[in-house]
Amino acid sequence: MTPRQPSDDRALRIAALAVGVAAALPIGYLVWRTFEYGFSASVDVATSGRTLGLLWSTLKLAVAVTASSVVIAVPIAWLTVRTNLPGRQVWSIVTVLPLAIPTYVGSWAFIGALGPRGMFASLLGIESIPSIYGFWGAWASLTLFSYPYVLLTVRSAWMRLDPGLEEASRMLGRSSWHTFLKVVWPQLRPAVSSGALLVSLYSLSDFGAVAMMRYDTFTREIYLQYRGALERGASAVLGLMLVVLTVTVLTGEQRLRRREDLHRLHGSGARTPQPVELGRLRVPALAGLGLLTTLALAVPLGVISYWLVRGVRAGEPVWPAWSLISNSLSVSLLAAAVATIAAVPVAMIIRRSPGRFANVIERLSWSGYALPGIVVALALVYFGANAVPWAYQSLAMLVFAYSILFLPQAIGAVRSSLLQVTPSLEEASLLLGAQRMTTFRKVLLPLLRPGLGAGAGLVFLTTMKELPATLLLAPTGFSTLATRIWNSTSEGFLGRSAGPALALVLLSSLPMAILLTRSQRQGARRIGETGRDQPAENAKHDVPSEVRLTR
Amino acid sequence: MAMARVPLSTTLAGACALAVVVTSCGGDNNSLTLYSGRGEDLVQPAIDQCADRLNVEINVRYGDSAEMLLLLQEEGDNTPAALYYSQGAGYLGILSADGGLLPLDEKLTSQVSDANLVSPANDWIGITGRARTIVYNTEALSESDLPESFVDFTDPKWSGRIGWAPTNASFQDHITALRGLLGDDATRAWLTAIVENEPVAYEKNTPILEAVASGEVDIGFVNHYYLYRFLAEDPDFPVANHFFDDGDPGALINVAGAGVITHSKNPDAAQEALECLLSADIQEYFASTNYELPVVAGAEPWSELPSINSLTLPEFDLNLLADLEGTVDMLVDVGAL
């Protein structure tokens, strides 16, 4: 790499540092509360049998959810990217949509449908079915509503993979399984691990599923402390333990990732491979996808519709008030924009100047991600009311909170698209005398656009569903679809909550579907272009034509 | 980063402009901020009425009662809130013990029909009452199958058939009251025996009613008014309330109450708002729409509400309700949480 002009580097570092410090506000608050609580009391809480039991049950859940998400997502990615699966385009959108369903809605629907003597049991006419409460229920609903994090990252990595390498491996006589293990998997691993990171930390922080399924985790315990004993010190200790867990998981991921440079993906050299003929596999593949989407989409939508019909019969409107919709959309769009912009300097530091500074910034940025929303929200309440009262309970503060909460989703997406950009492109631009700003704008930004879009899309989706921070930090009187659902369900107006729930799912799905369709089309176009217009670059990556002839 | 900077600054400017619009109403004398642990569907119409009547703007933040209390505690002196409206007396007791509430005028506290509905320090007041009851599945049980007293659910024949919400504020207030009525030892023994009956735990009241209706459990410990909402949406809902006789530990009346925040910027307007919530027509609105029990002398309860016509409270010290921590510790000890 060319030596950097120190001033530019400094600007980038300052920006990244600012983001890291902002993201670390919740930890600061937790440390302070723990300190206030006292050392020995904190140690007592941290080492009590109850806490250790919770640690075990929390880890068990996070590991199980992550593993099953990978197991579900990787085959779907393969089916929708590399095979002649019937309805491939539709499946590739439908399989991501469960992400639009909040776990508190999805788990509630599961209980209604699959619970003991629920709709499913009465449909089959059986007295009782195995209980879905506890570990299995929490595991199933977290997996079904968060596996798309892995699917999204793996799919986009798979679309970028150069099929030439696989073809070469097959040419050399390796079986397709062996080729997958030795050629494809190593290239997918960074994408799998960054998706898995999102899933595992998300499952540490989730309250909706574990509360509904009555499974004890750290997050549930923190809520319990807040609700019952109102002991902020003990909750702070548990929160800090979650932060330590997050940093541990992150360090593991960083270590895995260190190897990814060996498999750096260059430029946009991939072309469309011949789709794999599924043959007889088609039936089980379709059956599996059908079962998955039934559980993760049809069941929640069915139960929502059931309550919607009942609500409408009792005089509730089908479609919620416009103000709820516009409030939800506008804060989510703002949060998506702010989080994505804040993610750029962090991702660039991590990618371009790896080292201790970058590591610290990355860990700080992620630190709040595994914390339950209520902890982050209370930290910002304390900070806002006492340090910046003029901004407290403003929309800006709420957007700031969302950005801190979901920053890692944007960082992950931007980072993986930075990974695709060979530094030589920027270097060439600089050597040709372009300013760094011009280089960023003309060279880097266009290449980053898919990553920025994906990051913004994820943050948008997650913000739409967010509840605890919205309840505590939104301007007084500001309601969103999520708070409306919460308000109605908590007082037993289930029919009234169905309209907002349906609107929330539909409005979150729409941008997701658009984003996915566009990325697919762009993918297709880019592949077309590389074949035609960039023979020079192709020559480096593509398989020689005689290899292709043999297929 | 020129291109990135443009959207950032416009975004922030947009957010701030909006924020100014949204918050510009706060702080002046003609507006009040209320933190409500009670749901929007239940109280907003009453608050709109009072805002009209007093010609003030009342901004309401809705959330969980405990979370709204935490909010007040974190905000401290800088709270924008003038009023706190809680689901149960326990959280009000905690706020009162912290010095977070202002004493109320006598003309306010004297309106309430029962001295037990006002805090011992005169700094919070009950707005409506809710009876603790049990609900039962009418297909599985008839009323005569139910025990004489609430405390008899320790009988092993109820094993696996009870639904409860040990993390719920109303339930915890009930246990705190039992501690006052029966003493800590007897309450602990009772809880231990109930836990041995393996009750099914739910997050709050509503899922308990759903579970009783579906037959997942046969009975549930709840507040009385949730049922009528289910019945309004579905007259065939197979669940009924059972009220224990006056004086039974199961016949507790819990209050939803409110108080004026110490750091409130216009405490007088806040008191007027409370006074309005106690006026006869608003009390009747709570009674007829939410099926709650009015607390002022003249107002009538919902006509179809069976068997409880008066607020007879078992005798115990309301100050005890603030000891939520003791209750939670006990629930943890016996394995209920």
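User: What makes helix α8 (residues 205-214) of chain B mostly covered?

Analyst: In this predicted model, 10 of the 10 residues of helix α8 of chain B are buried. A residue is buried if 20 or more other C-beta atoms lie within 10 Å of its own, exposed if 12 or fewer, and partly exposed in between, with C-beta atoms placed from the backbone. Among those that pass in α8(B) are B:Asn205, B:Pro207, B:Glu210 and B:Ser214. Helices here are DSSP runs of H or I, at least four residues long, and strands are E runs of at least two, numbered from the N terminus. After α8(B) comes B:Gly215, with a positive phi near 85°.

User: What ground rules apply to numbering and to the predicted model?

Analyst: Residues are numbered from 1 along each chain as its sequence is written, and chains are lettered from A and ligands numbered from 1 in the order in which they are written. The model is predicted, so local features need pLDDT of at least 70 and side-chain atom pairs count only at pLDDT 80 or more, while totals for chains, interfaces and linings use all residues.

User: How do you know how confident the predictor is in chain B?

Analyst: By pLDDT, the predictor's confidence in each residue, from 0 to 100. Chain B has a mean of 84, and 87% of its residues reach 70 or more. Residues 1-27 of chain B are below 50; beyond near neighbours in sequence, this stretch has 38 contacts in the model. A contact means that two C-beta atoms, placed from the backbone, lie within 7 Å. The model scores ipTM 0.82 and pTM 0.86.

User: Why is A:Leu286 called partly exposed?

Analyst: Because A:Leu286 has 16 other C-beta atoms within 10 Å. A:Leu286 sits in helix α14 (residues 282-313) of chain A.

User: What makes the largest nonpolar core a core, and which residues touch the most other members?

Analyst: A nonpolar core is a set of buried Ala, Val, Leu, Ile, Met, Phe, Trp, Tyr and Cys residues joined through C-beta atoms within 7 Å. The largest one holds 269 residues, and A:Ala401 and B:Leu83 touch the most other members. Helix α15 (residues 322-352) of chain A gives the largest share, 17 residues. Leaving aside neighbours within four places in sequence, A:Ala401 is in contact with A:Val376, A:Ala377, A:Leu380, A:Ala469 and A:Leu473.

User: How is the crossing of α19(A) and α20(A) described?

Analyst: The axes of α19 (residues 423-431) and α20 (residues 436-465) of chain A come within 10 Å and cross at roughly 145°. Axes are lines fitted to C-alpha atoms, for helices over the stretch in contact, and angles run from 0 to 180 degrees between N-to-C directions. The residues in contact include A:Leu425 and A:Leu430 of α19(A) and A:Val443 of α20(A).
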